[in-house]
Amino acid sequence: MTAMTSRMINGPKAAKAFVNFVNASPTPFHAVQSAATLLDEAGFKRVDEGTNWEKDLKAGSKFYYTRNQSSLLAFTIPASGFKEGTGVSVVATHTDSPNLRVRPVSKRSKAGYLQVGVETYGGGIWHSWFDRDLSLAGRVIVSSKSLDTTNDPSVLPKFTSKLIRIDRPVLRVPTLAIHLERGVNDAFKFNNESEFIPILGLISSQLNAQRSAAPPKKDDDSDSEPPTPSPSGSSKHHPALLDLIAEELSVAPEDVEDFELQLYDTQPACLGGVNNEFIFSPRMDNLYSTFAAVEGLINFANETSFGELEGNVNAIALFNHEEIGSVSTSGAQSSLVPNFLSRLSPTPAQLASTISKSFLVSADMGHAVHPNYTSKYEENHRPQMNGGVILKVNANQRYATDAWGSFLIRKLVERKGGKVQEFEVRNDMPCGSTVGPMLSKMGVRTVDVGMAMLSMHSIRETAGSHDVQNYIDLFQSFFEGFTSLDKNLRVD
């Protein structure tokens, strides 16, 4: 047994499960797939969003559906049965993180290197992507053209979307040697367009591969680079890249119709710190919240008391595109949650009843106090890792938390014996935001929470290993206890 394996075995159970989840989820597509797998194993029934699933809303039933492979909504029906106008208790998170996306035309080369053109996605700490062992993951549209032996143009090929994850380093963004940039330690600055381009390989390697695969030349053939075959996309991307994708999916290169690929760090997430009190990982903003939401709903649905509980429909909503504003078919500003509520309560009066009884917890990561930069934090709002749930507050409504939301979270955390911390930004610094404020526009009461982490938006982030269970406990308590607690609240 290696030292790393021994340390992992000794870590918190929930943290180890999260590490497995994030390692299996290099993209939002994979994160939704990982969440769906957990829900399948827990007995949730997958339905198609476009079908009439309302007719199957039996007491104690459990469902989920996905949209565009990158967002997911799962829910449970109360044991007392369902009727229009019932409230909904929702935990909302997001599945995306800052990263580099392969451009639609990525084929670049310079100084003997094969390069891949990329576009920055979100607000990443981009210098952390230099000198990392990078690979590719995402989804690929694949056709069945190469399998068609009829040569009949009236027979249309079939098209499918396949997830891909190349599980070895194939790309790198190299830094410039200090000998060529003596001031690099004073200020590491670079141009995102011209100095942030990953290398895929050497041009000579691709030429040699092409020549070895090509038929012998006639005597009068020139010594120039042979023409590239013309599978779909070959003029846009290096043949070596297309071959790599095709080989990974076990398809012919000409069957690769299109793709959405992003770069990811191949170094796995792991537990760390002298007592395994930390998790060192990519994408914890916000897969940490996503995993905890899924586990919280599953734990609630697996309880022996679930069949006895009455109250709200309990749900989780996992959105894409939060890092770039949430404006998309699968983002928080889409119709995913509003459509869900209106399908549960189709008349205006029923929908108004549902909204008045509903509550939404917006779960996104928060900032732990940094020991080297304590001056960046408001002196009375310095959350600690493994210190419990953070209530995120902002007077300018960058977070949706108000006094009633804070009160509810404190009571729910109390039920599990947990702790609550507060975070508010300094007056001389801008405040980030979440899906909370935009979802609150539906009229549903909303609160913003998170867990403390360091290095948010770096390619490698740090969070507390014990806070995974603290997070799960909050969401499970929310699903178990919100309805009874809400009965004793009087607001309007």
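This is a predicted model: local features need pLDDT of at least 70, side-chain atom pairs count only at pLDDT 80 or more; totals for chains, interfaces and linings use all residues.
The protein chain contains 11 helices and 20 strands. Of its 492 residues, 51% count as buried. When contacts between residues at least 6 apart in sequence are considered, 78% of them join residues at least 24 apart. The chain exposes about 23,000 Å², and carbon and sulfur atoms supply 50% of this area.

Nine strands form an open sheet with mixed pairing, in the order β1-β2-β3-β13-β4-β14-β18-β16-β17. The edges of this sheet are β1 (45–46) and β17 (420–423), each of which pairs on one side only. In general, the strands of a sheet pair through backbone hydrogen bonds, either parallel or antiparallel. Strands β16 (residues 389–392) and β17 run parallel and are joined by four bridges; within this pair, Leu-391 has Glu-422 of β17 as its bridge partner. Helix α7 (residues 336–344) packs on the sheet, where it touches β2 (62–67), β3 (71–76), β4 (88–94) and β13 (313–319). The direction of helix α7 makes about 30° with that of β3. Helix α9 (residues 403–415) also packs on the sheet, touching β14 (359–363), β16, β17 and β18 (445–450). The direction of helix α9 makes about 175° with that of β16.

The largest nonpolar core comprises 59 residues, of which Tyr-288, Val-449 and Phe-475 touch the most other members. Helix α6 (residues 284–302) provides the largest share of this core, 11 residues. Beyond its neighbours within four places in sequence, Val-449 is in contact with residues including Val-361, Val-389, Ile-390, Leu-391, Ile-409, Tyr-471 and Leu-474. Another core, of 31 residues, lies apart from the largest one; among its members are Ile-164, Phe-196, Phe-259 and Leu-263.

Thr-434 lies in the loop between β17 and α10 (436–440). Thr-434 counts as buried because its relative accessibility is 2%, and buried means under 20%. The side chain of Thr-434 forms a polar contact of 3.3 Å with that of Ser-362, and a polar atom of the Thr-434 side chain lies 3.0 Å from the backbone nitrogen of Gly-436. Leaving aside neighbours within four places in sequence, the contacts of Thr-434 include Glu-322, Asp-364, Lys-392, Arg-398, Tyr-399 and Asp-448. Asn-52, in turn, is found in the loop between β1 and β2. With a relative accessible area of 46%, Asn-52 is partly exposed. Although Asn-52 and Arg-343 are 291 residues apart along the chain, their C-alpha atoms are separated by 9.5 Å.

Particular features of backbone geometry were also identified. Asp-285 and Asn-286 are joined by a cis peptide bond, with omega of about 20°; Asn-286 has its place in helix α6. Ala-111 has a phi near 55°, a positive value in a residue other than glycine. Ala-111 lies in the loop between β5 (99–110) and β6 (113–121). The relative accessible area of Ala-111 is 71%, so this residue is exposed. His-321, which is not a glycine, likewise has a positive phi, of about 65°. His-321 is located in the loop between β13 and α7 and, at 18% relative accessibility, counts as buried.

Key: Residues are numbered from 1 along each chain as its sequence is written. Side-chain values use heavy atoms; hydrogens and water are left out. Helices (H or I, at least four residues) and strands (E, at least two) are DSSP runs, numbered from the N terminus. Buried means under 20% relative accessible area, exposed over 50%, partly exposed in between (1.4 Å probe, protein chains only). Contact means heavy atoms within 4.5 Å. Accessible areas come from the Shrake-Rupley method with a 1.4 Å probe; for residues, only the protein chains shown count as cover. Two strands pair if DSSP finds at least two bridges between them. Axes are lines fitted to C-alpha atoms, for helices over the stretch in contact, and angles run from 0 to 180 degrees between N-to-C directions. A nonpolar core is a set of buried Ala, Val, Leu, Ile, Met, Phe, Trp, Tyr and Cys residues joined through side-chain atoms within 4.5 Å. A polar contact is a pair of N or O atoms within 3.5 Å; within protein, one must be able to donate a hydrogen and the other to accept it, and residues adjacent in sequence count only if both atoms are side-chain atoms.
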